[in-house]
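Here is a friendly briefing on a few backbone details and one annotated span. Please have the viewer open as you read.

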Amino acid sequence: MSNLPRRKFLQQTTLATAGLSLSGSLLANPISIFGANDRLNFAVIGCNGMGWSNMQAHLKLPNVSCVALADVDQRVLDRRAGELQKMTGKVPKLYTDYRKLLENKDIDVVIIGTPDHWHCLNMVDALQAGKHVYVEKPLANSIEECNVMLKAANASDKLVQVGQWQRSGQQYDEAIKYVQSGKLGQIRLVKCWAYQGWMNPVPEKPNTTPPLGVDYAMWLGPAPERPFNENRFHFNFRWFWDYAGGLMTDWGVHELDIALFAMGAKAPKSILASGGKLAYPDDASETPDTLQTVYEFDNYNLLWEHATGIDGGPYGRTEGIAFIGNNGTLVVNRGGWEVIPEGHRVDGEWKTKIDRVDLSRPEGNALENHAKNFVDAIRNNDKSALACGVETGSVAAITAHMGNIAYKTGKKIYWDAASGSFQDPEADALVSARYNNGWELPKV
């Protein structure tokens, strides 16, 4: 398959020769309404990790099929194709260049499971090709890309679901409703955290030639050109700035999303971050293994914490969100939610300000609920029904990127919502996407 940059590749396709823009593509791809009995044909771009988990969740739904797979690693393609054939009895079409997959008119929906630095190109191209999109979190690898993706989604009639599947978890829905009930009193601090004890040091490894069957130039795409190194490939790409934002964006978007939604917040006034490679100072990763980020909002602060090699997070949980109010604290994570009341003495007797809520565990599978929500919204042609649309995904991702920008600058930075900037040259320079190797940021 071709390794031509996106601009040159599009010049050779029928879309480009027809001179179609986003608005033009909508005219060429009229709205399709899918009834409950109509089959939705899915494809996956990036099949190694969450892209495949997402596809498996969707395949549990009626009248959903997977007809195509794209990946730059032929080994991954062959493995997933074999698994899909065992599951469904059908052989998907295979592509090593996602742009060729998008030319397939039989595909209705695309799942994007590529590294973060590819999300923007993949999603915008898929929308322009007339596909609905399920894109993995974080939405993008920069604030600028988030804004481009939001603009593209708003200009399209197609639906986009972001893979922040905690939004479809029963316990989060219940916890958010409790927070918004006002029972906790004035909430002065919200804590979000991810303590990842399973994460070991990333050992230094020498550069090598790419494995047989890997289109490494295509994997790099718009990222800076570098020799192939196994540490930067597949799962561990998360810990290198060229491709992702470390735990701040990887776990942060999940937890920050719930916190921001429950508090009715979008953009902080200021951000301050401190941390570094404190657990494994000499390993191969670049992103901080220990970080505290303080976001200032009106009347409360939001605190993000992460640490590798440690499981002893706040409230005895490895990950979660805590809403700390005058009357009590609500703690929620993937294991459930509870309320720990504050107390005071009344006539010499200790009384709680609110009732304790014992741990309420979730029912069902949130990822599968998220998939069902997406498919139902497509069938009803209802963007408003999406559990996590692009705007929601962009708020969480932009907030997480703000934390990384504060960390990189070492400053307390101030966000100006009116201008959409920090009004600080060093911080604003980190808002922009940087595309390389002939690839260009999509223009919408």
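**Backbone notes**

Asn381 is partly exposed, at a relative accessible area of 31%; with a 1.4 Å probe and protein chains only, buried is under 20%, exposed is over 50%, and partly exposed is in between. This is a predicted model, in which local features need pLDDT of at least 70 and side-chain atom pairs count only at pLDDT 80 or more, while totals for chains, interfaces and linings use all residues. Residues are numbered from 1 along each chain as its sequence is written, and side-chain values use heavy atoms, with hydrogens and water left out.

**Positive phi**
- Most residues other than glycine have a negative phi, and most peptide bonds are trans.
- Asn381, although not a glycine, has a positive phi of about 50°.
- The loop between α13 (366–379) and α14 (390–409) holds Asn381; helices (H or I, at least four residues) and strands (E, at least two) are DSSP runs, numbered from the N terminus.
- Asn63 also has a positive phi, near 60°, and sits in the loop between α4 (50–59) and β2 (64–70).
- Asn63 is partly exposed, with a relative accessible area of 23%.

**A cis peptide bond**
- Between Lys137 and Pro138 the peptide bond is cis, with omega near -15°.
- Pro138 belongs to the loop between β5 (132–135) and α8 (143–155).

**Annotated span**
- An unreviewed UniProt entry annotates residues 209–264 as "domain: Gfo/Idh/MocA-like oxidoreductase bacterial type C-terminal"; UniProt positions are given in the numbering used here, feature names are shortened, and annotations may be inferred rather than shown by experiment.
- Residues 209–264 are 39% helix and 0% strand, and their end C-alpha atoms lie 49 Å apart.
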